[in-house]
Amino acid sequence: MLDLKYILNNKNEVRKKLATRNFNIAILDEMFSIGEQKNANIHELEKLQAKRNSLSQEIGIRKRNKQNANDLLDKVNIIKTQIDDKEKETNRLIERVETLMLQIPNIPYEDVPVGKDDSDNVCIAEHPKLGRGLVKGVKAHYDIASQLDIVDFVRSVKLAKTRFVLYKNDGAKLIRALENFMLDTHIKNGYKEILPAHLVNSNMLYGTGQLPKFSEDLFKLANEDLWLIPTAEVPVTNYHYDEIIDVTNPIKYVAYTKCFRSEAGSGGKDTKGLIRQHEFHKVELVKFVNEESALDEWQKTVNDAKNILELLEIPYRELLLSTGDMGFGSAKTIDLELWIPSEQKYRETSSISIYNDFQARRAKIRHRDENGKTKYVYTINGSGLAIDRVVAAILENYQNPDGTISVPKVLIPYMGKEIIK
């Protein structure tokens, strides 16, 4: 959530920047209008309250002088009714402003490229020579996985529905290996591990910005205020919900969870294989920082996610997302995309975003500055990494002519073998 005072004091700038985010700025115009009406109501309330107080004083004088004050009492009762009505109207306006505020996305940084969608993202670096380079001419990951009997794409549909998979044998072991490798690597870099629940209540999803805008992308339990998490960002960021914390030094968390998304807006894309699932595995990085260190810590988070791909020796590229492709709450995002040989293109495996105080305002997460003044913290998060897409990349980039898969060197200690066959 943005700062309401900032929005009202910088109307033209806010309009201009949010217009680049595929956002209906008519919402801003409605909010400005309601804000003016609310301020007018507050001014009128102050006048009515002053008049009531003046009449109350006069009533007191008359009563002390044993004079009749019924006419003044009638006037006070009329004013009291006017005040009650005006307060109810003002509260309705305040509630409407709060509802509108929840629909307003974050303001992008100045250096974020302006664009309508992902076609306007900017490639800032490419790393095509890692490992075996930009591999060609291999079987798709879903075909080789079925042949090796390490992923069951058929029975998983029977157990649930399409876009669910069942890992087995060395496929299940590869998931565990990647999970532990990623966690161990990030913990060595100063992150503290959290293993959160996979269910959260609505307040948590409002806190990180998934609600109210993205409810159709979530799975909700019937008759319960509980939702399956779309990412560990939700429970880990809200770990400090409504708290004052010390961010003199960055607070850094890493979490492995399963994640659940309905993919309501995917339009039937990527229904085959491991690229886009309803249930998937991910390691998430979350930071709480102060304003002064925020951008530097965001870049360090990018580097921590990149480090995993470097160690796995999988070719990848870095994209600076345009205003039209960034997430709702993000002020700036870099995506890391790994090479998928069967498609001859890169696929996202991590989005690392800086939110400024956008999430912290919603989740009421604060800190005290050097002068003891309470401020909202800045939050950062990113995948470190999305595991299923890494599995797809390993099955293709490390595929051998005899149909076996070489295990990346850093995973051999976790897998206990060099070849999947």
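I began with Glu 263 and listed its contacts, leaving aside neighbours within four places in sequence: Arg 163, Asp 217, Arg 276, Gln 277 and His 278. The model is a predicted one, and I read every entry here with that in mind.

I then looked up where Glu 263 sits. The residue is in the loop between β7 (251-260) and β8 (279-289). Buried or exposed, I asked of Glu 263? The relative accessible area is 18%, and Glu 263 counts as buried because the cut-off is under 20%.

I checked the record next. The unreviewed UniProt entry lists Arg 261, Ser 262, Glu 263, Glu 348, Thr 349, Ser 350 and Ser 351 under "binding site". I note that such annotations may be inferred rather than shown by experiment.

I found Ser 350 in strand β11, residues 345-356. What does Ser 350 touch, apart from neighbours within four places in sequence? I wrote down Ala 305, Ile 334, Asp 335, Leu 336, Gly 382, Ser 383 and Leu 385.

I stayed on β11 for Ile 354, which lies in that strand. Ile 354 has 0% relative accessibility and therefore counts as buried. Not counting residues up to four places away in sequence, I listed Tyr 109, Ala 294, Leu 295, Trp 298, Ser 330, Ala 331, Lys 332, Thr 379 and Ile 380 as touching Ile 354. I also took one distance: Ile 354 and Lys 287 are 67 residues apart in sequence, and their C-alpha atoms are 9.4 Å apart.

Last, I went over the whole chain. I counted 13 helices and 16 strands. The radius of gyration is 27 Å, whereas a compact globule of 421 residues would have one near 22 Å. Along the principal axes, the C-alpha atoms fill a box of roughly 110 × 45 × 35 Å.

I noted that 51% of the 421 residues count as buried. Of the contacts with a separation of 6 or more, 73% join residues 24 or more positions apart. The accessible surface comes to about 20300 Å², and carbon and sulfur atoms make up 48% of that surface. For charge, I have 61 positive and 61 negative side chains, with the centres of the two sets 2 Å apart.

Methods: Residues are numbered from 1 along each chain as its sequence is written. This is a predicted model: local features need pLDDT of at least 70, side-chain atom pairs count only at pLDDT 80 or more; totals for chains, interfaces and linings use all residues. Side-chain values use heavy atoms; hydrogens and water are left out. Helices (H or I, at least four residues) and strands (E, at least two) are DSSP runs, numbered from the N terminus. The radius of gyration is taken over C-alpha atoms; the globule rule is 2.2 Å times the number of residues to the power 0.38. Buried means under 20% relative accessible area, exposed over 50%, partly exposed in between (1.4 Å probe, protein chains only). Contact means heavy atoms within 4.5 Å. Accessible areas come from the Shrake-Rupley method with a 1.4 Å probe; for residues, only the protein chains shown count as cover. Lys and Arg count as positive and Asp and Glu as negative; His and the chain ends are not counted. The place of a charge is taken as NZ of Lys, CZ of Arg, CG of Asp or CD of Glu.
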